[in-house]
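Thanks for making time this morning. Please look at the screen while I talk.

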Amino acid sequence: MIAIDRMTLGSPPAGFGFARTGRGADGEWSVVADPTAAAGRAIEQTGTDRTDYRFPLAIHESLSVANLDVKLRFKAVAGKIDQAAGIAVRLQDADNYYVARANALENNVRFYRVVHGRREQLGGADLRVTPNEWHRLGLRAEGERFTISHDGKTLFSATDGTFTEAGGVALWTKADSVSRFDAISITPLP
């Protein structure tokens, strides 16, 4: 578990580096008070640049792994272009990774590979993603198999061999999404 409760309010989250895929302004990440969060605090991307192909990343600095199970809670707080929150895994750099994301404006969960900054959808499911409510998102990566879950239910699996080596784990948003994250659990798998 990432100890958000030990992070300083109003500061960027400790133990994370920051990057951006695409165009537009860099993300603006900070620790905010939220009485509905598991520890009373959450990590929030607050930048509201409306550039459509803009994907801010908060990259966990002390981890590089290929096979893992990541679970977190997210809340889509605001956004006119998008209200998205996601998990990036096997991150090689800001332009090469996999990402599972939920979107409260589109009411769906999608899984993409990002190669040289270009997204390609590998799987998806349409379902209600309520804004301003906490939801759980999960991404399990084992070899070439990826399993995506939402609110504790497995939605779909996808198979891809583009990135098989170890890589980073990141929080992910899109365009003007103001999204909060908490209860982040990263479990390496054999």
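First, the ground rules. This is a predicted model, where local features need pLDDT of at least 70, side-chain atom pairs count only at pLDDT 80 or more, and totals for chains, interfaces and linings use all residues. Residues are numbered from 1 along each chain as its sequence is written, and side-chain values use heavy atoms, with hydrogens and water left out.

Now the fold. What does the secondary structure of the protein chain come to? It comes to 14 strands and zero helices. From the N terminus on, the elements run β-β-β-β-β-β-β-β-β-β-β-β-β-β. Here strands are DSSP runs of E, at least two residues, and helices are runs of H or I, at least four, numbered from the N terminus.

Next, overall dimensions. The C-alpha atoms fill a box of roughly 40 × 30 × 30 Å along the principal axes.

How much of the chain is buried? Of the 190 residues, 54% count as buried. Buried means under 20% relative accessible area, exposed means over 50%, and partly exposed is in between, with a 1.4 Å probe and protein chains only.

Contacts come next. Contact means heavy atoms within 4.5 Å. Take the contacts with a separation of 6 or more: residues 24 or more positions apart account for 67% of them.

Then the surface. The protein chain exposes about 8,000 Å², and carbon and sulfur atoms supply 46% of that area. These areas come from the Shrake-Rupley method with a 1.4 Å probe; for residues, only the protein chains shown count as cover.

On to charge. The chain has 23 positive and 23 negative side chains. The centres of the two sets lie 4 Å apart. Lys and Arg count as positive, Asp and Glu as negative; His and the chain ends are not counted. Each charge is placed at NZ of Lys, CZ of Arg, CG of Asp or CD of Glu.

How many salt bridges does a search of the whole structure find? The search finds 14. A salt bridge is a side-chain nitrogen of Lys or Arg within 4 Å of a carboxyl oxygen of Asp or Glu.

Here is one of them. Arg180 pairs with Asp34, the closest N and O atoms being 2.8 Å apart. This pair links distant parts of the chain: Arg180 is in strand β14, Asp34 is in the loop between β2 (29-33) and β3 (41-45), and they are 146 residues apart. Arg180 is buried, at 16% relative accessible area. Asp34 is buried too, at 3%.

That pair belongs to a network. Asp34, Glu44, Lys75 and Arg180 are linked by salt bridges. Glu44 lies in strand β3 and is buried at 7%. What does Glu44 contact, leaving aside neighbours within four places in sequence? Its partners include Glu28, Trp29, Val77 and Arg180. Glu28 is 16 residues from Glu44 in sequence and 8.1 Å away in space, C-alpha to C-alpha.

Another pair is Arg73 and Asp182, at 2.9 Å, N to O. Again, distant parts are linked: Arg73 sits in strand β5 (residues 68-78), Asp182 in strand β14, 109 residues apart. Asp182 is buried, at 1%.

Now Glu142 and Arg140. Their side chains meet at 3.0 Å, N to O. Are they buried or partly exposed? Glu142 is partly exposed at 38%, and Arg140 is partly exposed at 29%.

Next, backbone angles. Most residues other than glycine have a negative phi. Arg90 has a positive phi, near 50°. Arg90 is in strand β6 (residues 84-93) and is buried at 1%. Ala175 has a positive phi as well, about 50°. Ala175 is in the loop between β13 (168-172) and β14 (178-188), buried at 0%.

Leaving aside neighbours within four places, His60 contacts Ile2, Gly15, Phe16, Val169 and Ile186.
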